[in-house]
Amino acid sequence: MKKWRCLVCNYIHTGENPPEICPVCGAPKEQFVLVEDNKVKEDVSIEELEEIVADVIIVGSGAAALTAAITSKNNGLDTIILEKGKVIGGTSARSGGRYWIPNNPEQKKANIEDSREDGLKYMSRYAFPDLYDEGKENYGLEKDDFELIENYYDTGPEVLELLESLNVFESEMDYNWKGKPQLDYMDTYPENKGIRGRTLRPKTEKGAKTNGFDYIQLFNNWIEENQVQVNLEHRVTNILLNNKGEVKGVTALSNDGKRDFLARKGVIFGTGGFSHNKDLMRRFQYAPQYGGCASPNNEGDLVNMAEEIGIKLGNMQNAYRNQSLFEQHLDNPGGVSSVFYITGDSVFQVNKYGKRVMNEKRNYNDRAKSHFIWDSVKGEWTNKLLFMIMDERTAVNWQGMNPLQKGKVEDMPYVIVGKDLEELTKNIKNRLDKLEDDTAKFQLDESFEEKLKETFRRFNKFAKNGIDKDFQRGNADYDNEFFTFPPLNPTGIKWPPEESTNESMYPLSEEGPYFAFILAAGTLDTNGGPIINKDGQMIKFDNSPMRGLYGAGNCVASPGKAAYWGAGATLGSAMIFGYRAANHLWKQENISLD
């Protein structure tokens, strides 16, 4: 049987023909290649090719890069895109295709008042909880950090206006299953005040669903119609400086050879993070992480190039995080192994000691940080692997989102089954034994079975009473609107149950079977790299901007640090600072190419 790989998300399909639509990212069958026909060429020519000159060189092809390219082209600049991969889109094409824009026009249409002061307070506290003080100037933040947040808040509507005016796409508010505009991820902060409607998506025909692939295609349609040159399979390997120490272009390696691309105005990077660079992950990330959904081309190429020319790095320890289906990552390291949603209600997570460690209905970025608990007495990452435990009610009724695939539960990939909790414990131990080479011999504690039974009883008691005394699951509107939703594959149950007082929780059945999946911390992508200023200029060691060099998106130090302000904060930041970089570059004097 043939194997086909999706060029967008790396999903592997087995069959005589590729699927009509990728079940993970929505890409059409034209984006699939036979695995055996997709081997990387090792004999790349190093022939020196004739240099090419343009006004601006854009490196990458995700949301940051494409927004910068469209803005530059609209400003009348000759624009060239260099993309390392075989297709455009990067990690943006694997995303949900939503973007977080405060004070947007759709909020105004819905009579939602988005206070600038409240918005800046919320963003500042979430990004800098150790510094935030509403009584101080800039709420306690350093001036440069606060300016980035201010410019995020203020610039978003401008980006939407440009994209709509150019017919790239219009935007509409994203609504949850209860028919309400989405809440932000930390709606419990008093500074947030329960604001709704900051999450948007491209406008579609009524009822149509969109994803990251669709979002990127809308950008690409404009790029093609306006004849912006896109060079695929061009890996940028060097940043070129003129005799004044200014950036005059880049060197790119392709299957045809090596070529310099020179830029009269400057170079903008939008190349993503370094999730797939083992060396950088080991050097900068502070705890074990496995997989996620970053494009396999996100190897941090910019990091070394920027350091070589004296660019200051920041936020290298952080990432936009999620939980990853551990065994799925092992089988396909470049694919999407993210578990965004802990679906269902009769479900919880435990660690190696059989204990819950989180509110399972909080956002994926903050939930994943529960894995990073270091026990200073035992000298271990206690929660390196967590175990998602559920009964048949959840495993059957909420099929359709990773890790719950459709079909017979016992036949799902990576599932661990037990007729009761004793057998489930035994089978988890057996699975870990098989995985010991990949886990550094991570094992359950001897108390796991006993503590799992205690957790089971305690969770069921909370679910019956509707109050989670340990982690307040279901107390926040966010818990019950974003990560709790009706069954995707209903099998005759009424949901929510009439007796339920907490939609996010339901007692697990007193009789098996029970099911488990092994989860680990993963990244959507890292979000550290060169530090930028409010206009996207990369900053040198002496804190001055490097003339001609810009960045946006996950390849630079995130303005939000470790915070995930709301659904689409990654794409929102990418679009905003890609736009700001392109506009700032446009207004500068030409750079000497000597």
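Start with helix α4 (residues 143-165) and helix α15 (residues 569-586): their axes come within 8 Å and cross at roughly 80°. Axes here are lines fitted to C-alpha atoms, for helices over the stretch in contact, with angles running from 0 to 180 degrees between N-to-C directions. The two helices are therefore roughly perpendicular (that label covers 65 to 115 degrees). On the α4 side, the contact (heavy atoms within 4.5 Å) includes Leu148, Tyr152 and Val159, while α15 brings in, among them, Met575, Ile576 and Phe577.

This is a predicted model, where local features need pLDDT of at least 70, side-chain atom pairs count only at pLDDT 80 or more, and totals for chains, interfaces and linings use all residues. Residues are numbered from 1 along each chain as its sequence is written, and side-chain values use heavy atoms, leaving out hydrogens and water.

Now find helix α1 (residues 63-74). Is it mostly covered or uncovered? Mostly covered: ten of its twelve residues are buried, meaning under 20% relative accessible area with a 1.4 Å probe, protein chains only. Those buried residues pack against several neighbours, including α4 and α15. After α1 comes Gly76, with a positive phi near 85°.

Last, look at helix α11 (residues 421-434). Its buried residues are Leu421, Leu424, Thr425, Ile428, Arg431 and Leu432. Down the axis of α11, they fall within an arc of 125°, so they line one face of the helix; the arc is taken from the directions from the helix axis to the C-beta atoms. On the other side of α11, Lys426 and Lys434 are exposed (over 50% relative accessible area).

Notes
Helix = DSSP H or I, 4+ residues; strand = E, 2+ residues; numbered from the N terminus. Parallel < 35°, antiparallel > 145°, perpendicular 65-115°, else oblique. Expected span 1.5 Å × (residues − 1).
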